[in-house]
Amino acid sequence: MNEFTNPIDSIEKKALTREFILMLPKTDLHVHLDGSMRYDTIFDLAKKQKVELPAKMEPELKKLVACDGACKSLEEYLVGFGVTLSVLQEEEALYRAAFELAEDAAAENIRYMEVRYSPILHTNKGLRLTQISDTVIKGLQDAEKKFNIKTGVIICGIRNMDPINSIRLAELAIAYKNKGVVGFDLAGAEDSNPAILHKEAFDLALRNNLNITIHAGEAYGPESIAQAIHSCGTHRIGHGTKLREDGDLLNYVNNHRIPLEICIKSNYHTKAVSSIALHPLPFYLDYGLRVTINTDNRMISDTTITDEFMIAIEQHGLSYAEVKNIIINGFKSAFVNYKERVTLLNSALVEMENIEEEVLQKKIGIEETI
C-alpha cells in the first residue's frame, strides 16, 4: 500500500463479513415501532392482557406475521400489524416495546435511530394521544440511559384514514417537538390514498418548522414522490423505490440531496420490487443519490440493519467505500439539530477509522507471516 492509497480501498470485499458490519456504527431512520416487536414480548403481553392471539407458539405466529416473500402487495404486508397492535393498547406495553426496540438496535451498534408510529392506532382502550406519546418517549429515553444509542420519534399520519386525524397527529407532533419528537410522516396504503389529501396537516407541520418524511414511491409511481416533495414539502422520502421511473424527478431529488430511506427486504416483501436482485439501490448509489439503509419492520420483515447491509453486499456487490458512504448518509440525514448531527457523525467517523485500522493491521500481520 503506497502513501497515496486510501486505506478503505484496502479493505477487501471478503472482509465485509457479518461480524465486521455488526461492529460498525450505524443509523436506522425508518423503523416502525409496531412492526418491530419481540415474539416473546407479544406472547407475554397477550397473556397479561387476556388477548387471544391467532397462534399459541412462536413458529406458528411467525408464519402468520413475518413476511417470507409470499406477500403479494403492501396491503397484504400490513396484515401482520393487526397482531402487534392487539397488544399495544396499554402504557406498559408501549413502554416495553419502545425500550426493547432501542435495546435490540443498540446491540447491533445502531448509534442513532428514529422510531415511527401512529399514536391514533393505540387508542382502542381509551389511552389519550398524550399518554401514548409520553410513554413511547419515556421507553426510548430510558433505553438511551442504559445503552449506547440516541433516538427520536416520528409521528405518522395514516393515508387511508380521515385527513382530520392527520391534522390531530400533526398538532401532537408539534407539541412534542424538542421533547422527543423529531418529525412527522404519512404511512399506510399508498395506492388510491394520495398524500395531497393530507396537505393541511403538512402545511401545519411546516409552519412550525417540523421535519417531514413521507412514505412515497413504494406502492405507487413517481407521481407519489413528486406530490410528497412539491405539495407536502417533505425533507426525506420513505422508500422512493419507483423514483427510477422518472429521470427528471430523480435528478431533482439528487440535485437537492433529498435522502432516500431504502428498506431492501421490505421493498421485496411489499412487491415494490419483484426481486431483491432488481432493487434500484446499486443504480441510486452509482448515480450519487443520498441513500440510507433501514429496516422498516424488524419483525414483519424478519430483518436487522446488519441483515440489510449484508443483503446489499451479497446481492449487489457493495464495496466497503459504498457501505461507509451509506452509513455517513444516515448520520447526515438524521432529524436532529445541526450541532448534534455533527457530533454523531464525527463520533461515528472516529469509530469507523479505528475499526478500519484494526482490520488493516490484521491484514498486514497476515501478509507478513506468509
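## Close-up views of a predicted model

View 1. A disulfide here is a pair of cysteine sulfur atoms within 2.5 Å, and a search of the whole structure finds zero of them. Cys 263 is buried, with a relative accessible area of 0%. Cys 156 also counts as buried, at 2% relative accessibility. (Buried means under 20% relative accessible area, exposed over 50%, partly exposed in between, with a 1.4 Å probe and protein chains only.)

This is a predicted model: local features need pLDDT of at least 70, side-chain atom pairs count only at pLDDT 80 or more, and totals for chains, interfaces and linings use all residues. Residues are numbered from 1 along each chain as its sequence is written, and side-chain values use heavy atoms, leaving out hydrogens and water.

**View 2. An open sheet of four strands.** The parallel strands follow the order S5-S6-S7-S8. Strands (E, at least two residues) and helices (H or I, at least four) are DSSP runs numbered from the N terminus; two strands pair if DSSP finds at least two bridges between them. S5 (213-216) and S8 (291-293) stand at the edges with a single partner strand each, so one side of each has no neighbour in the sheet.

**View 3. Strand S6 beside strand S7.** Two bridges join S6 (residues 236-239) to S7 (residues 260-262), and the two run parallel. Look for Gly 238: its bridge partner in S7 is Glu 261.
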